[in-house]
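Dear colleague,

I am passing on the structure below, and after it you will find my notes on it. Please read them with the model open beside you.

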Amino acid sequence: MMERIPRMFAALALGTALLAAAAPAFAQDVFPPNKPDSTELINHMNVPGDITKGLFWNGKTITFHGEAIGEVMVRGDYAWIHLNDDAYMLENVEEGAELQGYNSGMAVWIPAALTKQIDTYGDYQHEGSIVEVQGVFNGACKEHGGDMDIHATALQMLRPGHVVVDPVPPWKAALAVGLSALAVLLFWLERKYRHVIRPNRGV
Amino acid sequence: MIVRPRLDDHLVIGKYTGKVIVGVGLLMIIPLAVSLGFSEWDTAVDFVISIAACLIFGSGTQLFCRTEKDMNWSHGLAVASGAWVWATALGCLPHYLSGHAGSYLDALFDVMSGYTTTGLYLLQDLDHIANGLNMWRHLLTYAGGQGIVVVALTFLFKGTSGAYKLYVGEGKDERLLPNVVQTARAIWLVSLTWLGVGTLALTATGLYLGQSPVRAFFHGMWVFMGAWSTGGFAPQSFNTFWFHSLTYEVVCIVVMIAGSFNFALHWAMWTGDRKEIRKNIETISMFVTLTLTTLIATFWLAKANVYPDAMSLFRKVFYQIVSGHTTTGFSTIYARAFVTQWGPVGLVAATIAMAIGASACSTGGGIKGIRMGIISKAVLQDIRRMISPESALISQKYHHIRNVWLDDGLVRTTLTITVAYVTLYGVATVVGVLCGFPLDQAAFEAVSAASNTGLSCGITTPAMPAVMKVTYILAMWLGRLEFMSVFALGGYLWSVVRGR
């Protein structure tokens, strides 16, 4: 038994090391970049340099994943959701993500029943569910007044959403108390001495 | 000889600037309450810090600048333009403390954009910002639309004789009522009535479109503020594209156009003169230029076959062009779509619409409809002079609340301001080109900033060179205050340095 303990430790260490090494790859495997991503859909819709040659991705079936943001807006049997595939899809600024530019995403028109799988929509206090949809990309949708959208027929949950806590840093609380005290003091002094006017004089 | 200002001159400017900044601090109580209501504690603390900073500055300057001296014109103009600088420097603290601004400069950019009702923004991860910060973004554009000095005039000033100088310094010169403080209150009466009706309409539409009651209300209020103030901020990064609704777009168009109207026109309508809207030179001018720019863009996009049918084409073109012409900046297309879908002619049509802009004494920016109308009338007058006998007396008048005879002095003043705008557009465009952007896109973005519109073709990003951010901040400030008060502030500072 005693002989086995070093082996068990060795196996445990090896397993931990393998898991640690595999973790980033696992994360990347789960959420590979969209092909095409929203930026490509927006920026390279047309044959480069010629606006008249039609939309490059228009009418093609694509697979697209992103963070469900804001809310679902149900309209009859269908619903609008918005999926952001930007730098804040996995972690938002409140959770410590570095600033990496604007949000970017796609509007998705989808059967309302499918949206029930989405448990959280992203906002200040939530990181939304990450879902994948399959559907037809429309550069200018005839059904929706020329909107750029994806008409999805399938949805798959990739990662549930979660609550985000944004605690108040102690330095900020202390600064707020200190400045408030000074503001009250100055406000009181200004009221008290408002009518005590210094005599006119030049520079 | 330039006369150096005396101590009393500094005191009077400090005193009134302090009053305006106290007003800005008090305005932040509203987003603070929203943050507390949504349990956004970190954001709430950001607002406590910012309110305290405004009160320290405001009370401090009033304490150290006690004087009974009244304002003269140069004081009024310097206070108006200076107050905007301080209100921006302190009003951007919530943005900066939120962690969503890449730098203090980015935060300054956003708040100047808000006050000037431009609508360009550099905040990052907008879709995850707090409700309190969203409230502040939209509130400052709503207050900026009426004019932050008008806010202070309404609530903090008690009939000072210098108030009119402040009011004019903020780019407004219409007296709706004999007393300027009453005029400021009349502007607020009109704005608050529209706020109630517009928010109700957009909230009801939002509910119908599937939003929850709380989101429908806040989005309705914020989108109204963005539309009425011709600011163009929206709570989501998708802007008004978020709603995917013709009804929502129609309500927005009505509010945008109403927001772009002269407050004097609103007041005339308010007091029963309904014919004014058909006779006013500004509404006629806007109708003509809006129709022309819409036709140009529609013709080009129809030729390019970008949109699938006539209805989609008209819906997209009319919304973006109205948004540009009223200097609002709402959009239902992605920013880069102006380049990738609309192409050079579409860009130019939108740029012309933005350059002309809204009405004078409104929440909007740009050269203004009244100036376009006066210049057109002056050109017609000259043509008539050319084809008439030398002895003929050719006179021309226009209608704006009352009939006004066109004289050379008025035309010269109009042309001076118009040339100043065109120069500003040109300088900001050149800066964009020097930073490596194509001419048509640089012009679109520069005109958007200087006319306080806020439509973007994708040039304005947090990664934009700092020199462009500074240029756009100055362009927004100059464009909103219509140059004179900023020049007066510059003259004041020059006289401090070089005066005797």
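**Notes on the model**

B:Thr283 is found in helix α15 (residues 281–304) of chain B, where helices (H or I, at least four residues) and strands (E, at least two) are DSSP runs, numbered from the N terminus. Before going further, please note that this is a predicted model, in which local features need pLDDT of at least 70 and side-chain atom pairs count only at pLDDT 80 or more, whereas totals for chains, interfaces and linings use all residues. Residues are numbered from 1 along each chain as its sequence is written, chains are lettered from A and ligands numbered from 1 in the order in which they are written, and side-chain values use heavy atoms, with hydrogens and water left out.

To stay with this residue, B:Thr283 is buried, its relative accessible area being 12% (buried means under 20%, exposed over 50% and partly exposed in between, with a 1.4 Å probe and protein chains only). Leaving aside residues up to four places away in sequence, B:Thr283 touches B:Phe261, B:Leu265 and B:Ile277, contact meaning heavy atoms within 4.5 Å. A polar atom of the B:Thr283 side chain also lies 2.7 Å from the backbone oxygen of B:Ile277. From C-alpha to C-alpha, B:Thr283 and B:Ala358 are 9.4 Å apart in space, although 75 residues separate them in sequence.

Elsewhere in chain B, strands β1 (residues 397–400) and β2 (residues 402–405) run antiparallel and are joined by four bridges; two strands pair if DSSP finds at least two bridges between them. The bridge partner of B:His400 in β2(B) is B:Arg402. The two strands form a hairpin with one residue between them, and B:Ile401 in the turn has a positive phi of about 70°.

Turning to the interface, 71 residues of chain A are in contact with 75 residues of chain B. Together the two chains bury about 5900 Å², of which 60% is on carbon and sulfur atoms; buried area is the accessible area (1.4 Å probe) that two parts lose on being put together, summed over both. The rule finds four salt bridges across this interface, a salt bridge being a side-chain nitrogen of Lys or Arg within 4 Å of a carboxyl oxygen of Asp or Glu. A:Asp147 forms a salt bridge with B:Lys316, with the closest N and O atoms 2.5 Å apart. Among the elements that give two or more residues to the side of chain A that touches chain B are α2 (38–43), β3 (78–84) and α3 (170–193) of chain A, and the largest share, 14 residues, comes from α3(A).

With best regards

Conventions:
Polar contact = N/O pair within 3.5 Å; in protein donor to acceptor, adjacent residues only side chain to side chain.
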